[in-house]
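User: Hello! I am new to this structure and would like to get to know it step by step. Could you show it to me and then take my questions one at a time?

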Amino acid sequence: MLPGQKRCGRREFRQTYPGGSEDRGVSERICIRTPPQTYLEEQTIEDVIVARDLEKRFEDLVAVDHIAFRVRKGEVFGFLGPNGAGKTTTMKMIQCISPKTGGTLEVFGMDVNTHQREIKSRLGVVPQETNLDPDFSTYRNLLVYARYFGIPKQEAEQRAENLLAFMQLEEKRDVRVDKLSGGMKRRLIIARALINAPELLILDEPTIGLDPQARHLIWERLRNLQAEGNTLVLTTHYLDEAERLCDRLVIMDHGKILVEGPPADLIREHAGSDVVEVEQTPKVIARLTELGVNYDLVGDMLQVFTDRPHDVARELLEVCRHEAVTVRPATLEDVFLRLTGRRLRE
Amino acid sequence: MSERLIDITGRVKSVWQRNWDAFLRTYQVNFIPPFVEPVLYLLALGFGLGTYIESVDGIPYPVFIAPALVSISVMNSAFFECTYSSFVRMYYQKTFDAIIATPVSIDEVIAGEMLWGATRGMIYATLMLPVLLLFGVVAMPSSLLLIPFAYLVGLLFAGIAMCFTAITPSIDALNYPSFLFITPMFLFSGTFFPLDLLPQPIQYFALAVLPLTHVVGINRAITLSAYSPMNLFNLAWIAVATALFFVLAIRLMRRRLIV
């Protein structure tokens, strides 16, 4: 798709839960939109979050190492990175619950270390860990949470009903939260994060551990929220999720930002348009070296990132079995692994 | 973060209210101890063991221990609410994390927990009073004062409890203050026998560091409707200690939770 282009459609969905309950229907119109080209140059768009030289230092470790980024109003901005890269720490600083130790961080133009209440009242947070209140039902969870924002009772009840409908949880209204499935808990946490009608929604791994149906429903809802003008900041380990949802993203590692940009640009820049995968044999290596083509070794496979996949594949087919050569489009996962390596973390 | 000593606004009520709502949801269970406890103690100690003790300082034994029973119940309900229960909410349920993502500050969360612990102490004192009245071991109407005073006492023990909760490495380690602080206090604070039976140094020790001594002193004055100048000292000690532990608990919790 070209920048600024829009693709729309409807999807039928149906989800069955243990116990026989079921969610089904036709989704609202879903639009997938690539970010307009102007995002890249224009500076007039209001920035919701501005970080400059941001640092978070713990006793023996620099978790966030002098990073800078801007999140613009109305965009979906992603933080990707291996475990321990500093994503969650950055999120916690934005949420004003973990004070920065250096640099500046402004949310809605206010300093996070001095305007916590003002910022937090306009923020919705979906934490990584499920921290719903086990002493209450689904509906009461929303009401109790609304009270923390000082939302009047009647208003809170109205919003809670609407949010249960929005996240398809009406049937579970009076069920204790420990009886909910993982997907329902996640949806309730998102509903809870929306109780104060936030302008900025922060999601730390919103679809962790969910089945595909639940993930799709959540993606759809996040898209709805963006369409209403909300700004979304999220972390995720699912790179397809990032590619699908984020207008722009950063990839972090060891507390630093490695790259920043729209997913499509990052793929083009760091992985090329396509990947040719081929089994690793001396003949293949010899041919690639002869052609002067760069390649990466991955286990017993070999990857060539290229904008001319057909030419590369044709050359390789001459030296090996045809079923050993695969051509596929490059993905964000390729970018991620190239930049952060394949070594296991933690 | 905020450099103020403590940062508390009216939002503290929403934290208190959360615990009140949860308490009401299970009120059947919560209302049993304050009715059953005084009956058991009065029957076993007051009227059982008490038949061998004619009187203590001229007071019938059941009447002597009645104010101690209220003191102990308020202490236990506030202390255990703000140790084990608060720790569960903080560590296992992540309720504190959920709340501080809203405009409620961590100071307000901790203050709300302590005010709730105090409320629980007051509820227990209130529920015990009719039982003690039935046994005819408390003077009226002066004993109505037990109720507001229970709030202050509850706040004192909630504050002490919250300090332990703030520094405990695990829920098991909370057994230390329970057995090494609460249990001795239960026995050696002029509860079941007068303090002056103990050797002089231990009496001073009790007055200096066992808060329950001061609580029992005042509660006994209230139920007998017989006050002494010593009660002023008791009250001053409790007021100062309550304020100190309240602030200390918040500061310790900030250190634990803000990273």
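User: How many helices and strands does chain B have?

Analyst: This is a predicted model, in which local features need pLDDT of at least 70, side-chain atom pairs count only at pLDDT 80 or more, and totals for chains, interfaces and linings use all residues. Residues are numbered from 1 along each chain as its sequence is written, while chains are lettered from A and ligands numbered from 1 in the order in which they are written. Helices (H or I, at least four residues) and strands (E, at least two) are DSSP runs, numbered from the N terminus. Along the sequence, chain B reads α-α-α-β-β-α-α-α-α-α-α-α-α, and its count is eleven helices and two strands.

User: What is the radius of gyration of chain B, and what would a compact globule have?

Analyst: The C-alpha atoms of chain B fill a box of roughly 60 × 40 × 35 Å along the principal axes. The radius of gyration is taken over C-alpha atoms, and the globule rule is 2.2 Å times the number of residues to the power 0.38. For 259 residues a compact globule would come near 18 Å, which agrees with the value for chain B, 19 Å.

User: Which helix gives the most to the side of chain B that touches chain A?

Analyst: Two residues are in contact if their C-beta atoms, placed from the backbone, lie within 7 Å. The contact takes 21 residues from chain B and 20 residues from chain A. On the chain B side, α1 (12-25) and α5 (95-100) each supply at least two residues. The helix that gives the most, with six residues, is α1(B).

User: Are α4(A) and α1(B) roughly parallel or roughly antiparallel?

Analyst: Axes are lines fitted to C-alpha atoms, for helices over the stretch in contact, and angles run from 0 to 180 degrees between N-to-C directions. Angles under 35 degrees count as roughly parallel, over 145 as roughly antiparallel, 65 to 115 as roughly perpendicular and the rest as oblique. The axes of α4(A) and α1(B) are 9 Å apart and pack at an angle of about 155 degrees. The two helices are therefore roughly antiparallel.

User: Which residues make that contact between α4(A) and α1(B)?

Analyst: Both helices contribute. From α4(A) come V144(A), R147(A) and Y148(A), and from α1(B) come S14(B), Q17(B), R18(B) and D21(B).

User: How are α4(A) and α6(A) oriented to each other?

Analyst: Helix α4 (residues 138-148) and helix α6 (residues 182-193) of chain A have axes that come within 10 Å and cross at roughly 30 degrees. T138(A), N141(A), L142(A) and Y145(A) of α4(A) meet L188(A), A191(A) and R192(A) of α6(A). The two helices are therefore roughly parallel.

User: Is E205(A) buried or exposed?

Analyst: E205(A) sits in the loop between β11 (200-204) and α7 (212-227) of chain A, and its phi is near 50 degrees, a positive value in a residue other than glycine. A residue is buried if 20 or more other C-beta atoms lie within 10 Å of its own, exposed if 12 or fewer, and partly exposed in between, with C-beta atoms placed from the backbone. E205(A) has 20 other C-beta atoms within 10 Å, so it is buried.

User: Where does P141(B) lie?

Analyst: The peptide bond from M140(B) to P141(B) is cis, with omega near 0 degrees. P141(B) belongs to the loop between α6 (106-134) and α7 (146-167) of chain B.
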